[in-house]
Amino acid sequence: MKTGSSAAPGRATPTPPDALARKAAALDAADELARHRDLFALDDDVVYLDGNSLGALPRHVPARMQDVITREWGRLRIRSWEESGWWTAPERVGDRIAPLIGADPGTVVVGDSTSVNVFKALVGAVRLAGDDRDEILVDASTFPTDGYVAESAARMTGRRVRALAPADIPAALGPRTAAVLVNHVDYRTGRLNDLPGTTAAVHAAGALAVWDLCHSAGALPVGLGAHGVDFAVGCTYKYLNGGPGSPAYLYVRADHQDRFDTPLPGWNSHEDPFGMRAAYAPGKGAARGRVGTPDILSLLALESALDVWDGVSIEAVRSKSLALTDFFLECVTAYVPAGRVTSVTPEPAAERGSQVSLRCENAGDVMRALIAAGVVGDHRRPDVLRFGFTPLYVGFADAHRAAVRLAALLS
Ligand SMILES: *Cc1c(COP(=O)(O)O)cnc(C)c1O
């Protein structure tokens with residue numbers, strides 16, 4: 001256990017060497033992903049459980065960025081668009097993300113924020129669905145930006161939005177449904193929504209499915225291709241560790257690409273961008289999802305950060321993620337006095353993402369104190385403590401230590 005010795009005065013007491021501590025040590029010793037932790041810049045005396053909000057920095061990224069800035073930008077300057085591969089980076093980095101979300105090469109492009117990509121995907125889906133379909137169904141518990149963008153997309157396309165609990169969506173589908181927008185994992189509760197079943201139901205109704213993968217990509221297998229998902233978007237600064245504000249991605253199913261009518265036809269998506277023609281003509285493949293000049297520094301930091309996934313199986317990540325969240329809940333139950341917290345994260349593995357959300361009185365104050373005690377999670381108003389488990393760099397001893405320190409605060 002890497003605990004105790006670095007505790008500052010006033011911090012929680014060191015972990016007792018009890019049965020759960022021994023179990024944590026055994027689980028860490030058997031963990032084939034444990035060695036990945038060394039790839040990240042982390043502090044030994046801090047348990048970082050907020051990688052679902054901002055992934056940790058892979059240690060090798062600063063050296064790569066030093067080269068990008070001093071050589072590619074500083075010395076090659078404009079030549080880098082060609083010679084350093086800047087121009088094609090959105091598709092190239094998309095192909096690095098594709099295997100993590102079960103997508104084929106050539107179907108993912110990186111650029112813009114998730115919010116902007118939700119707009120492109122949703123309007124694109126509605127346009128493909130046809131004029132007689134006037135409803136967009138939206139996950140009622142969605143991350144707010146998706147809901148705001150859906151309202152605007154509906155107004156612009158002459159549709160109306162209906163917000164429903166994800167589980168109620170299949171029964172609400174019909175000949176009026178144009179498109180359905182759902183978060184794969186609920187950011188507040190950590191609930192994993194049923195992507196295969198919902199997508200199949202959406203298709204049976206003749207509509208299109210748009211999934212937001214912000215809290216699933218890099219944490220669990222998504223299977224976009226296997227489940228025939230039409231459009232998907234996601235951010236790269238959470239489980240993919242791309243850095244603050246790193247660009248998001250857009251997935252368009254291969255057989256939709258030629259008909260994808262983007263609502264943001266910027267010059268980067270033109271079939272001949274440097275032709276500088278007055279009339280728009282859409283480019284082919286994933287590049288059609290581009291808009292304007294890519295954010296090269298962030299994009300290349302993301303590209304470098306993705307090296308940590310080399311040789312990693314997303315199935316192994318999922319097994320460890322479930323084991324971590326199970327073990328954390330076991331420790332919370334064992335240490336935290338009864339009644340102080342209630343888990344709002346579903347118990348069944350098939351319904352759980354990679355976080356644990358605990359309802360707790362004065363959650364904001366509790367999280368502030370917990371962070372001061374060296375356990376970094378976050379708080380979602382009004383009363384939820386969120387703990388994100390990123391299997392590449394969080395271990396079982398971390399989960400144990402987090403529960404012990406939470407218990408010390410709540411006792
Ligand atoms: C984090 C998150 C976003 C963030 O969108 P940005 O445009 O990157 O700010 C969107 N949707 C979901 C579901 C998220 O979890």
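These legends describe close-up views of a predicted model.

**View 1. The seven-stranded sheet.**
Seven strands form an open sheet in the order S2-S8-S7-S6-S5-S3-S4. Pairing in this sheet is mixed. Strand S2 (108–110) and strand S4 (160–164) are the edge strands. Each of these two pairs on one side only. Neighbouring strands of the sheet are turned by 20° against each other on average, direction ignored.

**View 2. Strand S3 and its burial.**
Strand S3 covers residues 135–139. Five of the five residues of S3 are buried, so the strand is largely enclosed by the rest of the structure. The cut-off for buried is under 20% relative accessible area.

Start with S4. S3 and S4 run parallel and are joined by five bridges. Val138 has Ala163 of S4 as its bridge partner. Now turn to S5, strand residues 177–183. S5 also runs parallel to S3, with four bridges between them. Here Ile136 has Ala179 of S5 as its bridge partner.

S6 spans residues 208–212 and S7 spans residues 231–234. The two strands pair in the parallel sense over three bridges. Asp212 stands opposite Val233 in S7. Helix H5 (residues 114–129) lies across several strands: S3, S5, S6, S7 and S8 (249–252). H5 runs at about 175° to S7.

**View 3. Ser269 in its loop.**
Ser269 sits in the loop between S8 and helix H9 (296–305). Is Ser269 buried or exposed? Ser269 is buried, because its relative accessible area is 1%, and buried means under 20%. A polar atom of the Ser269 side chain lies 2.8 Å from the backbone oxygen of Gly266. The side chains of Ser269 and Tyr280 are joined by a polar contact of 2.7 Å.

**View 4. What surrounds Ser269.**
Which residues contact Ser269, leaving aside its neighbours within four places in sequence? They are Tyr280, Ala281, Pro282, Gly283, Ala287, Arg288, Arg290 and Val291. Tyr280, listed here as a contact, is also the side-chain polar partner at 2.7 Å.

**View 5. The four-stranded sheet.**
A separate legend covers the sheet with the order S9-S10-S13-S12. This sheet has four strands, is open, and pairs in the antiparallel sense. Strand S9 (341–343) and strand S12 (378–380) are its edge strands, each pairing on one side only. The twist averages 35° from one strand to the next.

**View 6. S9, S10 and helix H11.**
Three bridges join S9 to strand S10 (residues 355–360), and the pairing is antiparallel. Val341 stands opposite Cys360 in S10. Helix H11 (residues 363–372) packs on the sheet. H11 touches S10, S12 and strand S13 (384–388). The direction of H11 makes about 40° with that of S13.

Conventions:
Residues are numbered from 1 along each chain as its sequence is written. This is a predicted model: local features need pLDDT of at least 70, side-chain atom pairs count only at pLDDT 80 or more; totals for chains, interfaces and linings use all residues. Side-chain values use heavy atoms; hydrogens and water are left out. Two strands pair if DSSP finds at least two bridges between them. Axes are lines fitted to C-alpha atoms, for helices over the stretch in contact, and angles run from 0 to 180 degrees between N-to-C directions. Contact means heavy atoms within 4.5 Å. Buried means under 20% relative accessible area, exposed over 50%, partly exposed in between (1.4 Å probe, protein chains only). A polar contact is a pair of N or O atoms within 3.5 Å; within protein, one must be able to donate a hydrogen and the other to accept it, and residues adjacent in sequence count only if both atoms are side-chain atoms.
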